[in-house]
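Me: I've got this model open and I'd like a close look at one part of it. Walk me through the salt bridges, please, and what surrounds them.

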Amino acid sequence: MTDVTELVGRYLASWNETDPAARRAALQEIWTDDAVYIDPLVSVQGRDAVDAVIGAVQTQFPGLVFSLVGAVDAHHDLARFQWGLGPAGAEPIVVGFDVVTLVGGRIGTVHGFLDKVPTA
(Lines give C-alpha, C1' and ligand atoms only; values in the text may rest on other atoms or scores of the structure.)
Protein backbone atom coordinates (compact mmCIF):
# COMPACT_ATOMS: atom_id res chain seq x y z
CA MET A 1 0.00 0.00 0.00
CA THR A 2 2.85 2.40 0.75
CA ASP A 3 4.10 2.12 -2.84
CA VAL A 4 0.61 2.88 -4.16
CA THR A 5 0.18 5.80 -1.76
CA GLU A 6 3.55 7.15 -2.88
CA LEU A 7 2.54 6.77 -6.54
CA VAL A 8 -0.72 8.63 -5.90
CA GLY A 9 1.27 11.38 -4.21
CA ARG A 10 3.50 11.64 -7.27
CA TYR A 11 0.41 11.63 -9.51
CA LEU A 12 -1.09 14.58 -7.63
CA ALA A 13 2.29 16.35 -7.60
CA SER A 14 2.37 16.07 -11.40
CA TRP A 15 -0.93 17.99 -11.53
CA ASN A 16 0.73 20.72 -9.44
CA GLU A 17 3.95 20.86 -11.47
CA THR A 18 3.93 24.10 -13.48
CA ASP A 19 7.32 23.61 -15.15
CA PRO A 20 6.47 21.81 -18.43
CA ALA A 21 9.78 19.91 -18.64
CA ALA A 22 9.58 18.72 -15.03
CA ARG A 23 5.94 17.71 -15.51
CA ARG A 24 6.79 15.74 -18.67
CA ALA A 25 9.58 13.95 -16.77
CA ALA A 26 7.15 13.06 -13.97
CA LEU A 27 4.55 11.79 -16.44
CA GLN A 28 7.23 9.68 -18.14
CA GLU A 29 8.01 8.01 -14.81
CA ILE A 30 4.54 7.35 -13.47
CA TRP A 31 2.28 6.79 -16.52
CA THR A 32 2.40 3.95 -19.06
CA ASP A 33 3.04 4.85 -22.71
CA ASP A 34 -0.60 4.34 -23.69
CA ALA A 35 -2.16 5.69 -20.49
CA VAL A 36 -5.81 6.77 -20.51
CA TYR A 37 -7.35 9.60 -18.49
CA ILE A 38 -11.15 9.90 -18.36
CA ASP A 39 -13.34 12.26 -16.35
CA PRO A 40 -16.74 13.87 -16.99
CA LEU A 41 -15.12 16.64 -19.07
CA VAL A 42 -12.46 14.86 -21.10
CA SER A 43 -11.24 11.48 -22.36
CA VAL A 44 -7.64 11.28 -23.61
CA GLN A 45 -4.99 8.69 -24.33
CA GLY A 46 -1.22 8.99 -24.14
CA ARG A 47 1.16 11.07 -22.04
CA ASP A 48 1.08 14.05 -24.42
CA ALA A 49 -2.69 14.27 -24.11
CA VAL A 50 -2.58 13.89 -20.33
CA ASP A 51 0.05 16.64 -20.21
CA ALA A 52 -2.21 18.90 -22.28
CA VAL A 53 -5.14 18.28 -19.93
CA ILE A 54 -3.01 19.13 -16.89
CA GLY A 55 -1.80 22.32 -18.57
CA ALA A 56 -5.38 23.31 -19.39
CA VAL A 57 -6.50 22.73 -15.79
CA GLN A 58 -3.61 24.84 -14.51
CA THR A 59 -4.64 27.63 -16.90
CA GLN A 60 -8.27 27.40 -15.74
CA PHE A 61 -7.36 27.30 -12.03
CA PRO A 62 -4.13 29.32 -11.69
CA GLY A 63 -2.42 29.13 -8.31
CA LEU A 64 -4.60 26.30 -7.00
CA VAL A 65 -3.10 22.98 -5.92
CA PHE A 66 -4.25 19.39 -5.81
CA SER A 67 -4.02 17.54 -2.50
CA LEU A 68 -4.98 14.12 -1.22
CA VAL A 69 -8.16 14.09 0.87
CA GLY A 70 -8.12 11.04 3.13
CA ALA A 71 -6.35 7.74 2.61
CA VAL A 72 -5.63 5.78 -0.55
CA ASP A 73 -7.56 2.51 -0.74
CA ALA A 74 -5.94 -0.13 -2.94
CA HIS A 75 -5.98 -3.82 -3.76
CA HIS A 76 -4.51 -5.85 -6.58
CA ASP A 77 -3.87 -3.37 -9.42
CA LEU A 78 -6.54 -0.83 -8.42
CA ALA A 79 -6.50 2.23 -6.21
CA ARG A 80 -9.10 4.81 -5.31
CA PHE A 81 -8.73 8.12 -3.53
CA GLN A 82 -10.35 11.49 -3.05
CA TRP A 83 -8.54 14.70 -3.94
CA GLY A 84 -9.15 18.40 -3.48
CA LEU A 85 -8.23 21.41 -5.62
CA GLY A 86 -7.91 24.77 -3.92
CA PRO A 87 -5.55 27.30 -2.42
CA ALA A 88 -2.66 25.65 -0.56
CA GLY A 89 -3.70 24.85 3.01
CA ALA A 90 -7.31 26.00 2.51
CA GLU A 91 -10.65 24.31 1.92
CA PRO A 92 -10.78 22.78 -1.58
CA ILE A 93 -12.93 24.53 -4.17
CA VAL A 94 -13.21 21.35 -6.26
CA VAL A 95 -13.35 17.82 -4.83
CA GLY A 96 -13.04 14.67 -6.89
CA PHE A 97 -12.55 10.95 -6.67
CA ASP A 98 -10.21 8.94 -8.90
CA VAL A 99 -9.98 5.22 -9.58
CA VAL A 100 -6.59 4.21 -10.94
CA THR A 101 -5.60 1.01 -12.73
CA LEU A 102 -1.95 0.12 -12.25
CA VAL A 103 0.17 -1.65 -14.83
CA GLY A 104 3.60 -2.77 -13.70
CA GLY A 105 3.63 -0.23 -10.88
CA ARG A 106 2.68 2.66 -13.17
CA ILE A 107 -0.60 4.36 -13.97
CA GLY A 108 -2.44 2.76 -16.88
CA THR A 109 -5.88 4.33 -16.53
CA VAL A 110 -7.47 7.02 -14.39
CA HIS A 111 -11.25 7.25 -14.12
CA GLY A 112 -12.04 10.58 -12.50
CA PHE A 113 -15.26 11.74 -10.89
CA LEU A 114 -16.16 15.26 -9.80
CA ASP A 115 -17.93 15.37 -6.42
CA LYS A 116 -17.89 19.12 -5.75
CA VAL A 117 -17.63 21.73 -8.50
CA PRO A 118 -18.06 25.47 -8.07
CA THR A 119 -21.13 27.05 -9.60
CA ALA A 120 -20.89 30.08 -11.86
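Reply: A salt bridge here is a side-chain nitrogen of Lys or Arg within 4 Å of a carboxyl oxygen of Asp or Glu. Keep in mind that this is a predicted model. Searching the whole structure turns up six salt bridges.

One of them joins the side chains of arginine 80 and aspartate 73, at 2.8 Å from N to O. Arginine 80 is partly exposed, with a relative accessible area of 44%, and aspartate 73 is partly exposed too, at 35%.

Now to helix H2 and what it reaches. Aspartate 51 and arginine 23 meet through their side chains at 2.5 Å, N to O. Aspartate 51 sits in helix H3 and arginine 23 in helix H2, so this pair links distant parts of the chain, 28 residues apart. Both ends are tucked away: aspartate 51 counts as buried because its relative accessibility is 14%, and arginine 23 because its value is 6%.

Arginine 24 pairs with aspartate 48, again at 2.8 Å from N to O. With arginine 24 in H2 and aspartate 48 in H3, this bridge ties together parts 24 residues apart in sequence. Arginine 24 is partly exposed at 27%, while aspartate 48 is exposed at 56%.

Conventions
Residues are numbered from 1 along each chain as its sequence is written. This is a predicted model: local features need pLDDT of at least 70, side-chain atom pairs count only at pLDDT 80 or more; totals for chains, interfaces and linings use all residues. Side-chain values use heavy atoms; hydrogens and water are left out. Helices (H or I, at least four residues) and strands (E, at least two) are DSSP runs, numbered from the N terminus. Buried means under 20% relative accessible area, exposed over 50%, partly exposed in between (1.4 Å probe, protein chains only).
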